[in-house]
Every structure is written in C-alpha cells, then in structure tokens.
Amino acid sequence: SYGGQGFVVSFKLLCIGLSQSGQWNFWYENGQKSAEGGFEESTKTGNWTYWKENGQQVSFGAYKKGREQGVWQYWNDKEQIVEERTFDYGNLQKWK
C-alpha cells in the first residue's frame, strides 16, 4: 500500500487493537526498499536496515522498545562501513 511521503509500505501485520506488530518493509516510489524491520505493539524492535533511494545500504542496527540498542553500522557511497555507534537503550555510549 502507498504510505504517502514518497514511499510505499508493505508488511505482515498482526493487529492488536490499533497497534502494529510484525515485520514491515518500506519502499521508495522507484521500487527500491527504504527500510526493513519489526514492530511490537507499534514500537520498533529487533534488527532494522535502511537503504538510500539508489539501493545502497545506509545503516543497520537494532531497536529495543523503540530505542537504539547495541552496535549500529553506517555505510558510505562506496559501500564501506565508515562509522559505528554503540547505544544503550537509546543513549550513545561509543562512536568510532
């Protein structure tokens, strides 16, 4: 389905009241995937991957109760990891 704001949303959805749960995929209008990850009761959880509109991966990391958790990696246009950030429940602990 179309998500407005320039991307398309497709998902596997388990309805719990009005909350969203399960694995979600988000797409740019050009057909490239923009993000992939899970929700639990409308809160981001587990591993998430983000891509640019040209299909290049931008970042990968995990969420716990909607906040960044653990190591997040970030890629440049040459598909090289250029940055790593470590989070503890959304708080930046380490940046290299």
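Reader: What makes S3 and S4 a hairpin in this structure?
Author: In this predicted model, two residues lie between S3 and S4, and the two strands run antiparallel, joined by five bridges. One of the bridge partners is Lys 44 in S4, which stands across from Phe 39. In the turn, Glu 41 has a positive phi of about 50 degrees.

Reader: Why is Ser 42 called partly exposed?
Author: The relative accessible area of Ser 42 is 36%. Buried requires under 20% and exposed over 50%, with partly exposed in between; Ser 42 is therefore partly exposed.

Reader: How do you know that S4 and S5 pair as well?
Author: Six bridges join S4 to strand S5, residues 57–64, in the antiparallel sense. The requirement is at least two bridges, so S4 and S5 count as a pair. Trp 51 stands opposite Gln 57 in S5. These strands also form a hairpin, with five residues between them, and Gly 55 in the turn has a positive phi of about 95 degrees.

Reader: Where is Tyr 89 found, and why is it described as partly exposed?
Author: Tyr 89 is found in the loop between strand S7 (81–88) and strand S8 (91–95). Its phi is positive, about 50 degrees, although it is not a glycine. With a relative accessible area of 34%, Tyr 89 falls between the limits of 20% and 50%, and it is therefore partly exposed.

Reader: Which residues make up the largest nonpolar core, and which elements give two or more residues to it?
Author: The core has ten residues: Trp 24, Phe 26, Ala 35, Phe 39, Trp 48, Tyr 50, Tyr 63, Trp 72, Tyr 74 and Phe 87. Two or more residues come from each of strand S2 (22–28), strand S3 (33–40), strand S4 (43–51) and strand S6 (67–75).

Reader: What does Tyr 74 touch beyond residues up to four places away in sequence?
Author: Tyr 74 touches Val 58, Ser 59, Gln 80, Ile 81, Val 82, Glu 83, Arg 85 and Phe 87.

Reader: How many helices and strands does the chain have?
Author: The chain has zero helices and eight strands. Of its 96 residues, 28% count as buried.

Note on methods
Residues numbered from 1 in each chain as written. Predicted model: local features only at pLDDT ≥ 70, side-chain atom pairs only at ≥ 80, totals over all residues. Heavy atoms only, no water. Core = buried A, V, L, I, M, F, W, Y, C linked by side-chain atoms within 4.5 Å. Buried < 20%, exposed > 50% of the residue type's maximum accessible area, 1.4 Å probe, protein only. Helix = DSSP H or I, 4+ residues; strand = E, 2+ residues; numbered from the N terminus. Contact = heavy atoms within 4.5 Å.
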